[in-house]
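Let's take a friendly walk through the strands and the nonpolar cores of this chain. Please have the viewer open as you read.

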Amino acid sequence: MPPATDVSTTRALLRLVRWARPAVPRVLLGGSATLVASLIALAVPQVMRGLVNGPLLTEGSRTAVVQGALLVLLLGVLEAVLVWCRRALIATPGTGVERTMRTDLFRHLLDLPVALHDRWSGGQLLQRSMGDLHTVRRWMVFGLVQLVVSSTTVLVGAVLMLVTSPLLGLVYLLGAVPVILLGFRFRQDYRVVARRARDQAGDLATSVEESVHGIRVLKAFGRGDDALEDFARQADELRDTELDKARAQSRMSFALTWIPETTLAVALGLGVWLAATDRVSVGGLVAFFATAAVMTRPVESLGHLLAMTLDARAGTDRFLEVMDTAPALADPERPVALPPAPAGGTRVELRDVRFAHGTTTREVLRGVDLVLEPGETMALVGLTGSGKTTLLQLVPRLYDVTGGAVLVDGVDVRDVTRHDLRGAVAVAFEDPILFSASVRDNVLMGVPAERLAAMSPEESDEAVRVALDVARAGFVHRLPHGVDTVIGEEGLSLSGGQRQRVALARAIAGRPRVLVLDDPLSALDVATEAEVTDGLRRVLRDTTTLVVAHRTSTVALADRVAVLEDGRITGVGRHTDLLATHPHYRYVLTAEGDDPAGEGDEAATEVGGPAAVPRDVPQGVHR
Ligand SMILES: Nc1ncnc2c1ncn2[C@@H]1O[C@H](COP(=O)(O)OP(=O)(O)OP(=O)(O)O)[C@@H](O)[C@H]1O
C-alpha cells in the first residue's frame, strides 16, 4: 500500500481541524459506518469458507446452507444500510465547513494591510476562496473518510489472507513492494503539479478579471487579439499541467490494478496446487479469493484518493498562506477610546511621520510635521509621485507609519480600534469604487453600522438626500429608479464625474469628524467643484478636512495649503501667501502634470531618490 501522506502534508491538513471541528462528530459517525460496511464485506468470505468447508463438503445439510445464505443476505443488507447512513451523515456538515472557511478567509482579507493586494492578485484570491476551498471540503468529507476506510480494509483483508493461508498471503503481499515504491514517486511528482495547477488556475482567473475590467482599453487600442493570445497561452499551460496530473494519476492507478491482478494470478495457480495437495482447504481457497475480490476496489481507489489528498494539500497550503499572513494593522491589545468630538471640531496632527512602502526601503515621507486645526480645510499640494496619497492613507490607517505618529484629537491612531477610527475618519479617492448595489446603499455604506441600525427609514433617507445634495449629485434623482437604481458592475454605468460625486456623498453621509479627500473632484468642472466645496463647508462645518489638490480652483477654497516636497512639508499657509513666497508651490501649481524629464515620479521610483524638483526652481524650507 502506498504511503498515505508525508509528515508535512499530515501537519498541514491537521490544521484544518480548527474549521472542521463542528463536522467531526458526523464525519466520524459516517466514517465508522463506512468502515463497518467494509468490514462486513470482508466477513462475507469467512462465512463462505464455513459454508464450503462445513455443510457443502461434509454434512450436506440443506438447513445449514440456507442459514449460511440468509446470513450473507443479512450482511449485504446491513452493508447497504450503512453506506446509505454514511451519505446521509456526511453530506451536510461539509458544506458548513466550507462556508465557515470561506467567511473566515474573507474576514481575514478585510483585516489584511492594503499592501497585501500588491502581492496577491484578485484572481488568485478568488481561486483561493472558491476552487481551493471546494477541493478541501470534498477531501475532508469524502477523500479522507474513504482513504481511512480503504486503507483499513486493505490492512484487515491482508491479515485475513495471511491467516487463511500464510503462503498465498505472502505471495499476494509481495505485490505491495513495487506499489509502495511507485507510491513514493507518485507523491513527489503529483504534489508539484497539483500546486502548479492551482497557481495557474489563479493566474488565469486574474487574466479574466483584468480583461473584464480593462475591456474598454483593450477594445480602444485594438489589443483584443493580444489579450486572447495571452489568455490562450495561459489556458494551454494549465491544460498541460492538468494533463501531467492525469498522467501521473493514471500511471498510479494502472500499477494499482495490474500488480495486484498479477500476484493474484500467481496465487491462484499456487492455491489450486495447494488445495490439490491438501495443504489448504477448498473453503480456505474460496475465502482467500473472495477476500481478494472484496479488496480490489479499495486497492484500486487508493491512487485516486492519494491524488485527492495531495490536491487538498495544495488547496490547504494556499488557504493557510493567506490566513497565516498577520493582519499588520491589528487592533491594539488595550485600545483607547477616541475622546468625544470636541465642539469646534477635531484636531489632526502628523508628528515626524516617516513611511516606506513595504516593497521598497525608500522613504516616501521623511519626517512630515503637519497640524490640521479643528474644523479647518487644508489642501495638500505636491508634485506627482511626491507622496500625497500615501500621506492621506495614514490618517484612516490604511497603512501604518514606519516612524513618528498620526494623532486624532491627541490619540495615536494605532491606539484606537480600526472600527472606532474608521467611524471618525471618512475617505474619498480620485478613482471612486462603487459597489453593485443601489445608490442609497452605496451612500449609506459611509454611515457606521451601529449608527445606521439606530436610524429610522426617514432619517436614513434624509442622510442620503443631504449627502447627495452636498455632493451636487442631483442627477441621481433622474436615474430610472432614483436612489434605488442599482449601479456598479451589475447595474447602471455612471460617468467618471457622477461616480466621484456618489463616492463623495458616501464619504460625508456619516458626518465624519475628519474627511480625507484624494482629489475627489478632479472630474468635475470648476463651477461644480466650487459648489461642492461650498456645500461641504456649510454642512460639515466642524469636520476637519485634508484634501489633495492639483488645481488652483481647489486650493483657493481651502483655509490653508500644505506643500509636500522631498518627503517633507516645506510650507504651510494661505494660498495667496504661498504663491508669493514659495517657489516650489508656484511651480507645482503652474506645472502640475508637466513634470519635465519625468523627474517627479520616475526618478523617485527608478533611481530610488525622492521626488526631484526641476533645477531652475530654488529649493528651501518655507514656513
Ligand atoms: N503600493 C506601493 N508600493 C510601492 N511603492 C508605492 C506604492 N504606492 C505608491 N508608491 C510609490 O510611492 C510614491 C508616492 O506615491 P503617491 O501615490 O503617494 O504619490 P502622489 O503624490 O499621490 O502622486 P499623484 O499626484 O500622481 O497621485 C511614488 O513614488 C509611488 O511610486
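Strand 3 pairs with strand 10 (residues 544-548) in the parallel sense, over 4 bridges. Helices (H or I, at least four residues) and strands (E, at least two) are DSSP runs numbered from the N terminus, and two strands pair if DSSP finds at least two bridges between them. This is a predicted model, in which local features need pLDDT of at least 70, side-chain atom pairs count only at pLDDT 80 or more, and totals for chains, interfaces and linings use all residues. Residues are numbered from 1 along each chain as its sequence is written.

Strand 3 also runs parallel to strand 11 (residues 560-565), joined by 5 bridges.

| Residue | Partner | Partner's strand |
|---|---|---|
| Leucine 380 | Valine 548 | Strand 10 |
| Valine 408 | Valine 411 | Strand 5 |

Strand 3 (residues 377-382) has 6 of its 6 residues buried; buried means 20 or more other C-beta atoms, placed from the backbone, within 10 Å of the residue's own. Thr377, Ala379 and Val381 cover one side, with Met378, Leu380 and Gly382 on the other.

Leu380 and Val381 come up again in the largest nonpolar core, of 76 residues, where they are among those touching the most other members. Such a core is a set of buried Ala, Val, Leu, Ile, Met, Phe, Trp, Tyr and Cys residues joined through C-beta atoms within 7 Å. Helix 17 (residues 496-509) gives the most to this core, with 7 residues. Another core, of 62 residues, lies apart from it and includes Trp139 and Tyr190.

Technical notes: A residue is buried if 20 or more other C-beta atoms lie within 10 Å of its own, exposed if 12 or fewer, and partly exposed in between; C-beta atoms are placed from the backbone.
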